[in-house]
2 protein chains.
Amino acid sequence: MRQSGERPMSGAPTGVDRRGAVTRISSFLAAAAAWLRLSVTRRPTGEHHEAPSSAPTRRLRKIATEEAFTIPEVSAAMLEVVRRGGPALDLKLWTLVYNTTPVEPTVARAPSAAGVDRDALARQFLPRLLDVEHARLAEMDASGVDVHLLSLVSPGVQMLERDTAVSLARLSNDRLSETIRRHPTRFAGLACFAPQDPAAAAKEMERAIQSLKLNGFLVNSHTNGVYLDDQRCWPILEAAEALDAPLYIHPRAPSDGMAAPFRDYRLEGSIWGYGMETGTHAVRLMLSGVLDRFPRLRIVLGHMGEALPFWLWRLDYMASPGSRAALKNSLKPSEYMQRNFSITTSGLEDPLALRYVIEKIGVERVMWAIDYPFQQTEGSVAFIESAPLSETEREQIAHRNAERIFRIAD
Amino acid sequence: MRQSGERPMSGAPTGVDRRGAVTRISSFLAAAAAWLRLSVTRRPTGEHHEAPSSAPTRRLRKIATEEAFTIPEVSAAMLEVVRRGGPALDLKLWTLVYNTTPVEPTVARAPSAAGVDRDALARQFLPRLLDVEHARLAEMDASGVDVHLLSLVSPGVQMLERDTAVSLARLSNDRLSETIRRHPTRFAGLACFAPQDPAAAAKEMERAIQSLKLNGFLVNSHTNGVYLDDQRCWPILEAAEALDAPLYIHPRAPSDGMAAPFRDYRLEGSIWGYGMETGTHAVRLMLSGVLDRFPRLRIVLGHMGEALPFWLWRLDYMASPGSRAALKNSLKPSEYMQRNFSITTSGLEDPLALRYVIEKIGVERVMWAIDYPFQQTEGSVAFIESAPLSETEREQIAHRNAERIFRIAD
């Protein structure tokens, strides 16, 4: 599912200068307001998940870009990790997910977000992760989702012993590629790898792109507390750059060295800790100088960029190149954002936040995602179909950017 | 500098419902665009820090709400902490600030942000922190800043031995109140206290409001790794609520238990770690249930709310009341935000982020701040004078909200 001729990841410069920002915000507001008047008029019933009722419209093609799956062998290995226990905060969720009586896929459909019991919901994740070609495809059909860009569920193979991780990464990528071959118009895939063995990881990354024709990679933040700016991980970054394939940095719970304040109130997960962990990882990449060593590295962040777009002014102000001995960056964080990063909307279905990130980093680097099965398909589809966007923006976010960035055939 | 008759902290409900959000964004965009067309017309020269050139305008009253100072006795005690050393990440900055040859106040004026050497800048902080009534007042006059709401510089007395902390908190509050008495129209003040001794802290908080007539309190996030949701800290929250005085939760570096990934690239400070530490603190307050125990507690967060407004949709989605056994909140995070929180603009002078937070949590809970001496007065003044706001919004953010929330005489 790869295609050639990707356009470069270019975009409008980030408006740091205040005069520019005023002018830019003014024109964005005027355009958005004009479009919205049109939009609201066009949708008199106001049902946010129904198609516009007047004017001929095409169905919106939708590529969901952060969609999890697993395979029985990885699931079995993770069950061993869960049984062994330990301090890792990821175990709080995965103990619920893996270490329970299986739930029948037929009853695994999640209730609506209102009044949901999230602990009970977690016990329904495993069948939904294991089933790629049946209930999932039916749910995609029912909601009008064209493609899931699949990735091995967090924490991937990253909590397994090194050799197990290396071999299960290969197996998982093989299975993923077979699934895609059976449904080439419905699935694309991001390869996993074992950062525990960077040389083997680089080799597997090459195989995943060149032989398996996968669409990029996904890593679940740190591995045993090591972040990708660590020199030991450079072969991984080098491979991703050489293969010109995007590297999605997906959350996992905060590493042991930052875990303490996240141990209460289930703060370690999607509620809060995932964003702190993964955002910190991204900032480490920016300030360590590795993006100068690998300037063509293409990184994808979920969850509206893990709040980096919100912090960008402060990051630029405090981390201008050469402003501190410990800082190794040659560009401003906003310049790396423009050159090296794209983001997805997973788990943050907020029209106001979406408008903010479009204006801050450019619509051409924003992609839609569901975060299946952790987020509800219906809500995510309603979000992308009803968010206040121009039709061009909507198509870019729903599928065109994903086609370009992940080389998914349109 | 307190006045009675504060209005309740009410505000428009957060737009979680999508239809409501679309309508709300549409009207906000239209109003903002209309205002901006006016604004751009009114400022033909485009100099962002000059007053509007046409139409009769009043000078904008400006109350800066996160402005640091210190006293020689606290400075001496912190120098001892710095000399003793240890793992605390705060020491990275304070070693530069406290443990160096004094710099003359006359040369302590910071250069502009462009090309700044932040390590050198840190060595100029101490004289600027110690001088409240001379160079600072002159700088306030030169930039048209009416009031500094003063607070003892981070980490306050929170890294000192318990008894020293208790007595230096009293001394610092006494000095602060004397300074305000000498310049009652130019300074207001937030009291410090020693969370190391919660009973003494509660007593000092009462004295600070009832005898010293200070305007609230400021705490620098954790104390020895303990956060305010800890039951040992409840006397502090109880006192703040009973005194109906706001508690500003100011950053310090991440606590030892979350420090590891922040040890490189000076990531622990204003660049990134401050926000992760303080945002996590605020989320702990929301999810621990202490805001149900102290429902009238009034909290202030700096730095555009430490990104909580950006994460609010996800926080609501993942932490709806009763959705998990470990969650103790009876309200949604956005409901606590509306009931218990205000924010300031310190250190994030981004017009787009400002517009976002206004729309997300309501203009009535946003206040201007400089973050003196860590941020440059000129830039912060230019920001509040030129940001795309209606004149009503500008006055609310520049002074009216601070007058109401901190009971500062207008």
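In this predicted model, A:F69 has A:L152, in strand 2 of chain A, as its bridge partner. Strand 2 (residues 147-152) pairs with strand 1 of chain A in the parallel sense, over five bridges.

**The sheet of chain A**
- The three strands form an open sheet in the order 1-2-3, with parallel pairing.
- Strand 1 (63-69) and strand 3 (187-189) of chain A are the edge strands, each pairing on one side only.
- On average, neighbouring strands of this sheet are turned by 35° against each other, direction ignored.
- Helix 6 (residues 135-143) of chain A packs on the sheet and touches strands 1, 2 and 3, its direction making about 145° with that of strand 2.
- Helix 7 (residues 162-182) of chain A also packs on the sheet and touches strands 1, 2 and 3; its direction makes about 155° with that of strand 3.

**The nonpolar core**
- The largest nonpolar core has 248 residues, of which A:F217 and B:F217 touch the most other members.
- Beyond its neighbours within four places in sequence, A:F217 is in contact with residues including A:L190, A:F193, A:M205, A:I209 and A:Y248.

**Helix 8 of chain B**
- The buried residues of helix 8 of chain B include B:A201, B:M205 and B:I209.
- Helix 7 (162-182), strand 4 (217-220) and helix 9 (234-243) of chain B are among the elements covering these buried residues.

**B:T223**
- B:T223 lies in the loop between strand 4 and helix 9 of chain B.
- With a relative accessible area of 6%, B:T223 is buried.
- The side chain of B:T223 makes a polar contact with the side chain of B:Q158 (3.0 Å).

Terms used. Residues numbered from 1 in each chain as written. Chains lettered and ligands numbered in written order. Predicted model: local features only at pLDDT ≥ 70, side-chain atom pairs only at ≥ 80, totals over all residues. Heavy atoms only, no water. Buried < 20%, exposed > 50% of the residue type's maximum accessible area, 1.4 Å probe, protein only. Helix = DSSP H or I, 4+ residues; strand = E, 2+ residues; numbered from the N terminus. Contact = heavy atoms within 4.5 Å. Polar contact = N/O pair within 3.5 Å; in protein donor to acceptor, adjacent residues only side chain to side chain. Core = buried A, V, L, I, M, F, W, Y, C linked by side-chain atoms within 4.5 Å. Pairing = 2+ DSSP bridges. Axes fitted to C-alpha atoms, helices over the stretch in contact; angles between N-to-C directions.
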